[in-house]
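Hello,

Here is the structure I promised to pass on. Please look it over first; my notes follow below.

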Amino acid sequence: MSSDSDGSKPKKHFQLSFRTILTILTLVLIIYVVYSNWNDIREAIAHIGETNILVLMLLIPEQLFMYFCCGQMFFSYMRAKKDAKKVSPWTLMRVSLELNFVNHAVPAGGLGGLGYITWRLKPFGATAGQASFMYVLRYIITICANQLQTILAIIALLIFSTVPAAGVWVIGFTALLSVGIIAAIAILIAIASSKKRIDWFAKTSTNFVNWLVKKVTFGHKTDILQREVVDKYLGDAHGDLMTARRHKEMLIRPILWGIVYSFLEIATYWIVAASLGHPEILPQIMIGEAIGSVMGAIVPYGLYELGMVGIMASLGVDAGLSALVVLMTRVIVLASTIISGYGFYQHSISKIGRREKAEIEHDSRS
């Protein structure tokens with residue numbers, strides 16, 4: 001009997017080939033990310049002598065705890081639903097580091113991270129729809145926490161009267177932006193809460209995608225999306241949303257972890273600023289990061305940092321200092337993302353299977 005008569009060998013060969021292609025593609029993306037940021041990397045290295053290295057070293061525990069908080073946002077919600085296996089703190093942080101790496105390495109506006117976390121959480125008991133709901137929930141929580149810290153920063157600047165006359169417009173604009181973001185989130189939740197609207201969206205999106213693919217492939221590909229699959233995906237996400245609305249206590253821990261995570265994101269910039277001898281610019285960092293993240297969500301490449309530098313400068317921070325803080329933070333985060341996340345990511349895509357499931361079962365028993 002031939003080696004592939006039962007189909008097992010070809011299947012294994014296909015999986016190996018896919019993983020090899022994915023590994024090569026990831027390395028290419030890493031090289032591209034490093035190359036495209038090479039000038040910033042060189043400039044950050046040139047200024048490293050201006051920092052207090054001991055203060056800068058605080059980034060190591062701060063970043064590790066931040067990613068632990070990110071993992072807790074996912075798994076504390078899953079535990080509240082009793083859908084998840086018990087996992088160790090190490091596994092929580094590791095999954096978060098992998099997700100952060102994918103979001104930085106794959107230029108897909110967060111879609112790469114969504115696809116990865118959907119696949120990554122499957123062995124832990126989450127369906128695709130549930131993983132998507134948690135992924136969106138994570139962003140909603142951090143966005144709302146971001147607005148909370150922005151309001152606190154505005155209050156601090158007004159109390160201490162440190163806003164220059166030319167920057168007063170930033171305060172008003174930021175306040176209106178915060179109200180608008182919160183209102184938009186409330187409207188989206190209201191729309192997603194309707195099963196009728198979810199069913200309409202599933203039908204419309206399935207028909208449109210299938211029609212578009214059929215046109216593009218000149219009729220060679222039809223029905224690339226199956227309606228029952230889309231219904232299950234959106235149905236799971238809608239079900240989790242309704243469960244969360246009925247049992248709001250399930251959201252308490254994810255929200256608390258999300259608030260801590262959001263403040264730790266700001267702490268990354270603040271530690272860099274403190275290492276440069278300017279810890280007093282924390283409120284300006286908080287407001288600049290809030291507006292910069294909104295601008296970055298609209299135009300992902302470069303506008304985040306540019307917007308943050310501009311807002312901080314408008315609020316009275318020296319433009320050179322603003323640019324240096326943002327530049328160094330960007331380079332440090334990029335380096336730590338690749339160093340801390342790539343190895344775990346590569347292990348997951350190459351070893352997922354019996355060994356990974358055994359690790360999960362071990363965590364469940366421990």
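Helix 9 crosses helix 10 in a right-handed sense. (A crossing is right-handed if the near helix is turned clockwise from the far one by less than a right angle, and left-handed if anticlockwise.) Helix 9 covers residues 195-216, and helix 10 covers residues 227-246. Their axes lie 10 Å apart, at an angle of about 145 degrees. Axes here are lines fitted to C-alpha atoms over the stretch in contact, and angles run from 0 to 180 degrees between N-to-C directions.

Helix 9 brings Lys195, Ile198, Asp199, Phe201, Ala202, Lys203, Ser205 and Thr206 to this contact. Helix 10 brings Arg227, Val230, Asp231, Leu234 and His238. Contact means heavy atoms within 4.5 Å. By class, there are five nonpolar, three polar and five charged residues. (Ala, Val, Leu, Ile, Met, Phe, Trp, Tyr, Cys and Pro count as nonpolar; Asp, Glu, Lys and Arg as charged; the others, Gly among them, as polar.)

Note that this is a predicted model: local features need pLDDT of at least 70, side-chain atom pairs count only at pLDDT 80 or more, and totals for chains, interfaces and linings use all residues. Residues are numbered from 1 along each chain as its sequence is written, and side-chain values use heavy atoms, with hydrogens and water left out.

Residues of helix 7 in the contact include Arg138, Asn146 and Leu152. Among those of helix 11 are Pro254, Gly258 and Phe263. The classes here are nine nonpolar, five polar and one charged.

Overall, the protein has 15 helices and zero strands. (These are DSSP runs numbered from the N terminus: helices are H or I, at least four residues; strands are E, at least two.) Of its 366 residues, 42% are buried, meaning under 20% relative accessible area with a 1.4 Å probe, protein chains only.

Now confidence. The mean pLDDT (the predictor's confidence in each residue, 0 to 100) is 77, and 82% of the residues score at least 70. Helix 3 (residues 53-56) is highest, at 93. Helix 15 (residues 354-365) is lowest, at a mean of 47. Residues 359-366 fall below 50, with 14 contacts in the model beyond near neighbours in sequence.

Best wishes

Definitions and conventions. Buried < 20%, exposed > 50% of the residue type's maximum accessible area, 1.4 Å probe, protein only.
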